[in-house]
Amino acid sequence: MSALDRSLQNENPNINIIQQYRAKLLDFKEKDGRLKEVEKVFGSMKDEHHTLKKKRHDEFMQGFGIISQKLKEMYRLITNGGDAELEALDALDPFSEGIQFHVRPLKKSWKQMSKLSGGEKTISSLSLIFALHHYKPSPLYCMDEIDAALDYKNVAIVGDYIKKRARNS
């Protein structure tokens, strides 16, 4: 005990420690307030991001459904009975995995675009373009030699369709 008494008598107490504590406490409160503001802004931005992401997904899936349905109709019309299908590889997040386009020409099996002949690719692509046009019409299309890979029968079908669509333009 006597050793402790001597050490206390030999040391000078730091009177400024209370002022230092108050300064540090004030600094802490200021930084804590800024942190809470940033967390609040971050939370609102995160909520807005989630809302926009959901809106983008919903609008895309709505348009995707319309285009997919119209694609089936267009492909059947152009091929006189074939079938086409758009498939989102990941329905929950179609932007991450993408979309596949499959067609079944009349009296044939389902095929991916890469496995089709030149004429079948042209017909499939045109049916997709016409389906997209139905969903969101463009005022102008430039199609150069789209009939190059088509036989006369398919050229006549595509030409008649384009004439019908352009009648009131």
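Asn80 lies in the loop between H2 and strand S1 (83–88), where helices (H or I, at least four residues) and strands (E, at least two) are DSSP runs numbered from the N terminus. Although Asn80 is not a glycine, its phi is positive, at about 60°. Asn80 is partly exposed, with a relative accessible area of 47%; here buried stands for under 20% relative accessible area, exposed for over 50%, and partly exposed for the range in between (1.4 Å probe, protein chains only).

The model is a predicted one, in which local features need pLDDT of at least 70 and side-chain atom pairs count only at pLDDT 80 or more, while totals for chains, interfaces and linings use all residues. Residues are numbered from 1 along each chain as its sequence is written, and side-chain values use heavy atoms, with hydrogens and water left out.

Consider next the chain as a whole. Its secondary structure consists of five helices and three strands, in the order α-α-β-α-β-β-α-α from the N terminus. The chain is more spread out than a compact globule, because its radius of gyration is 35 Å, well over the 15 Å that the globule rule gives for 169 residues. That radius is taken over C-alpha atoms, and the rule is 2.2 Å times the number of residues to the power 0.38. Along the principal axes, the C-alpha atoms fill a box of roughly 115 × 35 × 25 Å. Of the 169 residues, 21% are buried. Among contacts (heavy atoms within 4.5 Å) with a separation of 6 or more, 49% are between residues 24 or more positions apart.

Helix H4 (residues 118–135) has 18 residues, which at 1.5 Å a residue should span 26 Å; its end C-alpha atoms are 26 Å apart, in agreement. The expected span is 1.5 Å times one less than the number of residues. The buried residues of H4 include Ile123, Leu126, Phe130 and His133. Helix H2 (17–79), strand S2 (99–104) and helix H5 (152–166) are the elements against which the buried residues of H4 pack.

Thr122 is also found in helix H4. It counts as buried because its relative accessibility is 18%. Leaving aside neighbours within four places in sequence, Thr122 is in contact with Ile146, Ala149 and Leu150.

The loop between H4 and H5 holds Glu145. Glu145 is not a glycine, yet has a positive phi of about 55°. With a relative accessible area of 59%, Glu145 is exposed.
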